[in-house]
Amino acid sequence: MGSTGAALRALRGAQKSSKGVSLYSRYVNRPAGRLLAAGACRAGLTPNQVTLVSAGFTFTAVAAVALVEPSWWLGWAVYAGLAVGFAFDSADGQLARLTGRGGPDGEWLDHVVDCAKMILVHTAVLLSFYRFGELPSEAWLLLPLGFGFVAVLTFCAGLLREQLGKAAAAAPAPAGAPDPVSRIRAVALLPADYGVFCVVFALLGAPSAFRAGYAVLAAVHALFLAAFLVKWFRELKALRAD
């Protein structure tokens, strides 16, 4: 690709569908990933290398949550690390589409990193609660376990829905201006977006506020999981009927 500008122009025409994508991912994370993908293209990085860069930012931030006593500076550093890691997570797929160098190995690696991220971030919160938190009750230690369960089950069930439905699914609609229903869905999905989840770590300097924000997000994700499971089961059942 001749220049960063040319890469950006090519990337704008190689975006995935925005259907089922929240407002944050649509207007913040994907554009940030597009810039990073253009820069990675100029630097000669492969999509798998970009995935590993994403993992480096994410896992460094997660390790800091588990090992360092909570403070405001730590909270903002963790938030920045998770947010940048998430942007690189978008960049690897965009770079793969731009260069045509994607493949099953890259998709596998991306899913492995995503799954590890979901397990480790909630494990890190559990360790932070245990090591540094002056908890109102030991029952709070169950919260990261439950949140982690919800996150991993949502990820695995969604991935299975995608894979099992691929063969029978209709062809995707052509790209175009998002319809009003899609925009409403993008707003509704905002509380379940990983980018919004990252923001709560900026509150690490105020343990009570962090616990409250983390608990609210856990409850919201549990509600979304229940709704998604019903939706995905019905969709797969309908595909069988067809």
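## Helices H5 and H6

Helix H5, covering residues 104-132, and helix H6, covering residues 142-165, have axes that come within 8 Å and cross at roughly 165°. Because angles over 145 degrees count as roughly antiparallel, H5 and H6 are roughly antiparallel to each other. H5 passes H6 in a right-handed crossing, and the residues of this contact divide into 13 nonpolar, 4 polar and 2 charged. The model described here, from which these values were computed, is a predicted one.

On the H5 side, the residues that meet H6 are Glu107, His111, Asp114, Cys115, Met118, Ile119, His122, Val125, Leu126 and Phe129. Their counterparts in H6 are Pro144, Leu145, Phe147, Gly148, Ala151, Val152, Phe155, Leu159 and Gln163. Leu159, which is found in helix H6, is partly exposed, with a relative accessible area of 21%. The C-alpha atom of Leu159 is separated by 9.2 Å from that of His111, although these two residues are 48 positions apart along the chain; Leu159 and His111 are both among the residues listed for the contact of H5 with H6.

## The chain as a whole

The chain has 9 helices and 0 strands, and its elements, read from the N terminus on, run α-α-α-α-α-α-α-α-α. Of the 242 residues in the chain, 38% are buried. The accessible surface of the chain comes to about 13000 Å², and carbon and sulfur atoms account for 68% of that surface.

Among the contacts in the chain with a separation of 6 or more, 82% are between residues 24 or more positions apart.

## Helices H3 and H4

Helix H3 spans residues 47-67 and helix H4 spans residues 72-99; their axes come within 8 Å and cross at roughly 165°. H3 and H4 are therefore roughly antiparallel to each other. The crossing of H3 and H4 is left-handed, whereas H5 passes H6 in a right-handed crossing. In the contact of H3 with H4, the residues divide into 16 nonpolar, 6 polar and 2 charged.

## Helices H3 and H5

The axes of H3 and H5 also come within 8 Å, but they cross at roughly 10°. With an angle under 35 degrees counting as roughly parallel, that makes H3 roughly parallel to H5. The residues of the contact of H3 with H5 divide into 16 nonpolar, 5 polar and 4 charged.

H5 therefore takes part in two of the pairings described here, being roughly parallel to H3 and roughly antiparallel to H6.

Val113 is found in helix H5 and, at 11% relative accessibility, counts as buried, since the term applies to residues under 20% relative accessible area. Leaving aside its neighbours within four places in sequence, Val113 is in contact with Thr51, Ala55 and Phe59. The C-alpha atom of Val113 is separated by 8.3 Å from that of Leu52, a residue 61 positions away along the chain.

Leu127 likewise lies in helix H5, but with a relative accessible area of 39% this residue is partly exposed. The C-alpha atoms of Leu127 and Leu67 are separated by 8.1 Å, while the two residues are 60 positions apart along the chain.

Methods
Residues numbered from 1 in each chain as written. Predicted model: local features only at pLDDT ≥ 70, side-chain atom pairs only at ≥ 80, totals over all residues. Heavy atoms only, no water. Axes fitted to C-alpha atoms, helices over the stretch in contact; angles between N-to-C directions. Helix = DSSP H or I, 4+ residues; strand = E, 2+ residues; numbered from the N terminus. Parallel < 35°, antiparallel > 145°, perpendicular 65-115°, else oblique. Left-handed = near helix turned anticlockwise from the far one by under 90°. Contact = heavy atoms within 4.5 Å. Nonpolar A, V, L, I, M, F, W, Y, C, P; charged D, E, K, R; others polar. Buried < 20%, exposed > 50% of the residue type's maximum accessible area, 1.4 Å probe, protein only. Areas by Shrake-Rupley, 256 points an atom, 1.4 Å probe, with all protein chains shown as cover.
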